[in-house]
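Hello,

Here is the structure we talked about handing over. Please open it alongside this note; what I found follows below.

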Amino acid sequence: MSESILATHNLMKKFGAVTATDDVSIDVRSGEIHAVIGPNGAGKSTLIKQICGALRPDAGHVELMGRNLSDHSTAARAQAGLGRTFQISELAMEDSVLENAVLGAIGAVSGPWKFWKSALKTKELTDRADQALARVGLLQERDSRVANLSHGQRRQLEVAVSLTLSPKVFLMDEPMAGLGVEGSKIMTGFLDGLRDEAPILLVEHDMDAVFALADRISVLVYGKIIASGNADDIRSSKAVREAYLGDAK
Amino acid sequence: MKKLLLATAATLLYATAAIAEVKVGMITTLSGGGAGLGIDVRDGFMLAIKQSGRDDINVVIEDDQRKPEIAVQLSDKMIQSERVDIMTGIIWSNLAMAVVPSAVNQDVFYLSPNAGPSPLAGPGCHKNYFNVAWQNDNLHEAAGAYANGVNYKNSFIMAPNYPAGQDALTGYKRFYEGKLSGEIFTQLGQTDYAAEIAQIRASGADSVYFFLPGGMGISFLKQYADSGVDTPVIGPAFSFDQGILQAVGEAALGVVNTSQWNKDIDNPTNSGFVDTFQAEYGRLPSLYASQGFDTANLLLSALNVAEPSDADAFRDALRAANFDSTRGDFSFGPNHHPVQTIYAREVIKEGDVFTNKIIGTALENHSDAYAADCKM
Amino acid sequence: MSTILIIEQILNGLQFGVMLFLMAAGLTLIFGVMGLINLAHGSLYMVGAFAAAAVAGATGSFLLGLIAAFVAAALAGAIVEMVIIRRLYKAAHLDQVLATFALILIFSEGTRWLFGSFPLFLNIPSALSGPVTLPGGIQYSLYRLTLIAIGLAVGLGLWVLIERTRIGVQIRAGKNDREMISALGVDIGKLYTLIFALGAALAGLAGALVGAIQSVQVGMGEPVLILAFVVIVIGGIGSIRGAFVGALLVGLTDTLGGVFLPELFKLFMDNGAAQKSGSALASMGIYVLMGVVLIWRPTGLFGARA
Amino acid sequence: MRVQEKTINALVVVGLMALPLIAFVNDEPFTITLATRAVILAIAAVGLNVILGIGGLVSFGHALFFGIGGYSMGILAHHAQTYTALDLGFLTTDGTKLMPVIWLVAMAVSAIVAYVIGLLILRTSGVYFIMITLAFAQMFYYFSISWAKYGGEDGLSIYVRNDFPGLNTLIPIQFYAICFIILCIVLFLYARLQASPYGLALNANRQTETRVETVGLNSMKLKLVAFVISGAITGLAGALFADLNRFVSPTMFSWQLSGELIVLIIIGGVGRLMGPVIGACVFITLEHFLGGLTDFWHIFLGLILLCIVLFARGGVVGVLTGKEGAHV
């Protein structure tokens with residue numbers, strides 16, 4: 001068995017009477033794609049927020065390569081090697097594609113405390129940014145403003161920015177959302193190749209993509225992991241069918 | 001190049017000398033909250049210039065917006081670009097402190113028509129600085145003296161917490177001989193005095209002295225009248241002036257205030273001034289208008305004797321104060337501040353108009369407390 | 001210091017507070033519903049005071065003056081909203097700040113052009129002038145008591161308006177979702193004009209009520225504006241309840257701070273110095289209060305959590 | 001007509017060099033004084049533009065730093081001209097009339113104050129940030145009014161302008177040259193900063209803090225550093241302004257001044273290198289010429305500002321280049 005890169009241990013989060021995350025323990029091992037699926041309102045967003053540090057769990061903790069991240073801010077978790085993409089693009093819309101990618105490179109390589117040399121003339125940064133853009137196929141849009149990009153291109157840029165970070169593990173929140181059939185196919189192919197570079201925790205609605213990509217799938221319902229296993233296990237799981245279809249008696 | 005410039009400068013100099021025009025720079029407050037005072041000073045001043053019939057006096061008027069840094073820049077403009085000989089017009093002490101020291105050090109004469117901060121009367125006095133109104137403490141000192149005269153033994157005194165306010169209370173205490181039942185510094189620009197009035201009510205004072213210029217005084221008097229506290233109030237003329245009094249209304253009736261001028265001072269200059277001012281501008285003149293008028297007349301009297309370019313002679317002519325003041329007797333002390341009589345006035349109603357009448361003399365031939373510190 | 005004096009000062013703080021509330025209520029509504037920072041709100045306060053002084057002066061009736069203040073400020077508000085403000089709802093806060101800053105200049109100098117540079121006369125109606133004796137032997141101004149009552153009544157009225165009426169439903173909906181409310185068939189433009197005019201009218205009313213015991217002059221709105229902003233920020237922007245609590249807190253802090261801080265300083269200073277330092281600190285008091293509240297709760301006491 | 005931003009920038013610099021020289025040759029020293037005022041306000045606004053234009057935080061209290069700079073100058077020069085010692089509690093020193101020293105002190109004090117205040121207030125955002133910056137400036141304003149030791153509301157007059165080695169600072173053109181060179185340096189630093197990795201990160205932080213955090217950068221620290229840099233530059237401008245007037249008073253802390261600094265930036269163009277400079281020139285020109293027309297000139301100033309907001313989004317630079325400025 002390969003080593004566990006990212007792991008949550010008994011995460012708990014309550015909002016008033018609602019338990020959004022109920023004792024969730026999952027892990028992502030090197031070389032794999034671990035998908036988390038679940039109906040709307042299952043607590044996927046809450047889980048992601050706790051992993052990346054935007055929300056503090058009531059109990060439990062997150063580990064990255066065996067290191068407890070509880071005291072780490074979002075920024076510190078990113079520094080430690082957590083590469084996140086967003087369901088709804090979080091990009092500097094007024095800036096160019098290159099600038100967004102360079103921002104990632106700054107986070108990964110130089111840090112922000114460089115006040116003198118132009119960022120876009122620092123080869124170390126632009127090379128890294130260009131590489132990432134080339135990998136997602138955005139190099140020709142390098143100088144466009146993000147505001148002028150198509151939806152799909154913004155999704156690509158999201159991934160590219162996380163690539164510049166060379167993270168230890170990717171945390172991807174619905175990267176296929178709104179991509180259309182063709183776009184999803186390309187993205188699926190891309191993620192397929194990415195797992196060898198760093199494992200991926202994939203939260204995704206697109207079942208075709210999930211079943212095509214995931215080495216393991218966990219099903220989150222009402223904040224609880226009700227099933228975990230490979231694609232076949234999940235397809236045949238009674239609990240999952242109950243939760244999803246509600247009629248499987 | 002340099003020679004050419006010098007030559008041009010010389011021609012210019014020659015040109016101005018040939019016309020022999022006197023340039024007066026007036027920096028005063030003409031817009032915003034305190035504009036009423038500046039407008040009165042300007043109108044009084046210009047009335048005197050007009051009456052003199054002299055067309056060789058060029059008065060350049062600029063609005064300082066009551067902002068010290070604007071005043072400083074206008075002063076630079078007056079001195080550098082307009083090349084004025086004499087400056088005047090500033091209403092507020094803090095603006096005067098910003099402008100006057102540097103102006104008089106650049107060999108310009110400054111005649112103050114209103115502000116008289118203590119540093120300019122004491123150690124910071126200057127041979128080119130003449131105050132035609134009063135030293136800031138004067139009216140307050142007179143109020144203290146008046147309080148003794150009517151046997152007040154237990155005064156409650158208050159003023160805003162800024163230099164002129166602190167000076168005011170010091171001035172009152174300098175002459176007042178009784179006890180103090182309370183001493184309060186309010187906030188500058190404060191509009192509600194309920195808390196202070198409650199303290200006055202609780203203090204058992206036999207008199208209240210306050211210095212609250214502008215809107216602050218209006219607010220205080222209205223609220224005081226409404227509070228039912230009937231301890232008699234004394235104030236300096238600033239809160240009972242013609243411009244302000246109509247806004248205070250009944251609340252001011254009967255209040256005693258101290259002033260170096262009133263429209264009923266009986267001399268021909270004054271009655272002439274009051275009449276012509278009313279005819280010219282359609283309103284009763286205020287204290288500030290009288291000060292502007294006196295300032296211009298002082299200037300005119302000196303111009304009749306000497307040119308400002310002959311600084312020493314011109315200065316002597318100013319110091320002589322050989323003009324007919326609306327206040328009657330007027331002369332300068334050693335620090336170029338007025339020696340004058342300060343009256344006690346009472347607010348009365350004449351027809352529909354609230355105004356003042358003189359009820360007595362508070363201080364006779366009074367100068368100021370800082371003259372000894374002045375080394376000129 | 002006697003109990004009577006303390007009670008009297010608390011009443012003073014209350015009175016100051018409820019008048020601030022009249023200003024702050026409109027400001028917070030306008031911000032909460034339309035998302036607009038209106039620096040010119042103080043100008044509407046001034047418009048109200050001047051209208052009241054002009055009409056009361058001409059007719060001799062204070063009540064007519066109050067009505068005039070309410071109507072004039074509402075009209076001025078509605079006109080400004082329709083001509084200028086409605087172009088700013090979608091603009092950045094920065095543009096709103098600049099535009100309404102420009103409006104202050106226009107209003108102030110326009111008023112001076114119309115009414116001259118000297119303060120106007122506006123006095124308490126004789127029926128309300130003078131003190132009354134409260135239980136416990138406290139002498140207190142009847143007019144100030146009336147102000148407290150009017151302020152509380154307006155607060156109650158606003159609560160009823162927002163919680164119990166159709167317009168209130170629209171206002172609450174508009175606060176959360178501009179598109180949804182226009183989808184419901186409500187004319188959002190009219191609703192906004194109405195809210196703006198209502199806020200303006202309250203400010204005008206406050207100007208007239210306060211003008212009777214203060215000085216009616218150009219520029220009177222600016223210090224109050226700053227205070228009203230302090231109030232709504234302390235209370236949480238958009239919250240009427242927050243504005244109410246904030247207004248009382250500011251009113252009490254300002255009044256009581258001015259009275260008690262110098263007394264406190266007298267314990268370890270001589271009289272004059274205590275007065276000077278005490279009142280210096282008191283003048284910073286409400287800003288310190290605001291700083292502390294915001295550091296503790298960055299969106300105010302009743303503001304929406306980020 | 002569309003103009004390149006670079007062309008505008010060059011024209012502005014050339015204009016700022018040429019105008020005072022023309023005024024000097026024609027012997028119009030007041031024009032030079034006006035230009036100096038514009039240049040100093042521009043420096044202050046460039047400082048504000050760091051936090052506002054790049055960082056997206058609307059500080060409605062930047063007069064705070066302007067005033068601190070002014071009072072640093074005032075207090076140091078006051079002690080120097082009265083030959084009294086300046087007692088700081090932990091250190092007793094003489095005042096100074098040397099401009100470079102005064103500038104360093106002004107910047108250092110402003111930076112320290114910005115750091116402390118920034119730590120407290122940068123958790124707030126939007127309107128709350130606008131108002132809390134105002135609150136801190138107001139605290140200093142009221143404090144300075146009642147601070148009798150340094151003149152209270154009267155402020156402090158410095159009789160002779162401070163010294164700069166080798167120059168006679170009382171000659172307007174020489175003092176202008178000092179200010180102009182400082183403006184150029186500050187603009188150069190601003191341009192470097194904006195293009196640097198830090199500037200890029202701060203600019204992104206204005207648009208999305210979440211993104212910046214996600215690439216491992218600490219948004220709070222980015223803002224804090226921007227606030228400190230911004231405060232220091234505005235503080236430097238305050239010291240120069242006090243020297244221009246040879247006078248410092250509490251109005252340097254006033255909220256109107258904070259408002260004016262914002263107005264300058266909007267007139268010129270938010271986040272533009274030359275935005276504050278153009279804004280300052282336009283504003284001073286308006287103030288000067290409108291003031292001569294009528295006592296009620298504020299009405300016209302207000303109308304012009306309104307037109308800029310309603311019809312000239314992006315300010316002067318925005319209109320000329322056809323590009324909107326940064327969104328704040």
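Buried residues make up 60% of the 306 residues in chain C. This is a predicted model, so keep the confidence scores in mind. Chain C averages a pLDDT of 87, and 95% of its residues score at least 70. Within chain C, helix α3 (residues 62-83) has the highest mean pLDDT of the elements, 95. Helix α7 (residues 178-183) of chain C has the lowest, 66. Where pLDDT is low, the predicted coordinates should not be read in detail.

Chain C, overall

Chain C holds eleven helices and two strands. From the N terminus, the order is α-α-α-α-β-β-α-α-α-α-α-α-α. The radius of gyration of chain C is 20 Å, close to the 19 Å that the globule rule gives for 306 residues, so chain C is as compact as a globular protein of that length. Its C-alpha trace spans about 65 × 50 × 35 Å along the principal axes. Take the contacts in chain C with a separation of 6 or more: 75% of them join residues 24 or more positions apart.

The two strands of chain C

Strand β1 (residues 131-134) and strand β2 (residues 138-141) of chain C run antiparallel, joined by four bridges. C:Leu134 has C:Ile138 in β2(C) as its bridge partner. β1(C) and β2(C) form a hairpin, with three residues between them. In the turn, C:Gly136 has a positive phi of about 95°.

Where chain C touches chain D

The contact takes 37 residues from chain C and 34 residues from chain D. On the chain C side, α4 (93-115), α9 (221-235) and α11 (271-296) each supply at least two residues. α4(C) gives the largest share, 15 residues. By class, this side of chain C has 26 nonpolar, seven polar and four charged residues.

A helix pair in chain D

Two packed helices are described by the angle between their axes and the distance between the axes. For helix α3 (residues 63-82) and helix α5 (residues 126-145) of chain D, the axes come within 8 Å and cross at roughly 35°. From α3(D), the residues are D:Ala63, D:Leu64 and D:Gly67. They meet D:Phe136, D:Ala137, D:Phe140 and D:Ser144 in α5(D). That contact has five nonpolar, two polar and no charged residues.

The sheet in chain B

Chain B has an open sheet of five strands. The order is β2-β1-β3-β4-β5, with parallel pairing. Which strands are at the edge? They are β2 (57-63) and β5 (129-131) of chain B, and each pairs on one side only. The twist averages 20° from one strand to the next. Strand β4 (residues 109-112) of chain B pairs with β5(B) in the parallel sense over three bridges. There, B:Tyr110 stands opposite B:Tyr129 in β5(B). Helix α4 (residues 93-105) of chain B packs on the sheet. This helix touches β1 (22-28), β3 (86-88), β4 and β5 of chain B. The direction of α4(B) makes about 150° with that of β4(B).

A covered helix in chain B

Helix α8 (residues 194-203) of chain B is mostly covered, with eight of its ten residues buried. The buried residues include B:Glu196, B:Gln199 and B:Arg201. Also among them are B:Ala194, B:Ala195, B:Ile197, B:Ala198 and B:Ile200. B:Gly204 follows α8(B) and has a positive phi, near 70°.

Best wishes

Note on methods: Residues are numbered from 1 along each chain as its sequence is written. Chains are lettered from A and ligands numbered from 1 in the order in which they are written. This is a predicted model: local features need pLDDT of at least 70, side-chain atom pairs count only at pLDDT 80 or more; totals for chains, interfaces and linings use all residues. The radius of gyration is taken over C-alpha atoms; the globule rule is 2.2 Å times the number of residues to the power 0.38. A residue is buried if 20 or more other C-beta atoms lie within 10 Å of its own, exposed if 12 or fewer, and partly exposed in between; C-beta atoms are placed from the backbone. Two residues are in contact if their C-beta atoms, placed from the backbone, lie within 7 Å. Ala, Val, Leu, Ile, Met, Phe, Trp, Tyr, Cys and Pro count as nonpolar, Asp, Glu, Lys and Arg as charged, and the others, Gly among them, as polar. pLDDT is the predictor's confidence in each residue, from 0 to 100. Two strands pair if DSSP finds at least two bridges between them. Axes are lines fitted to C-alpha atoms, for helices over the stretch in contact, and angles run from 0 to 180 degrees between N-to-C directions.
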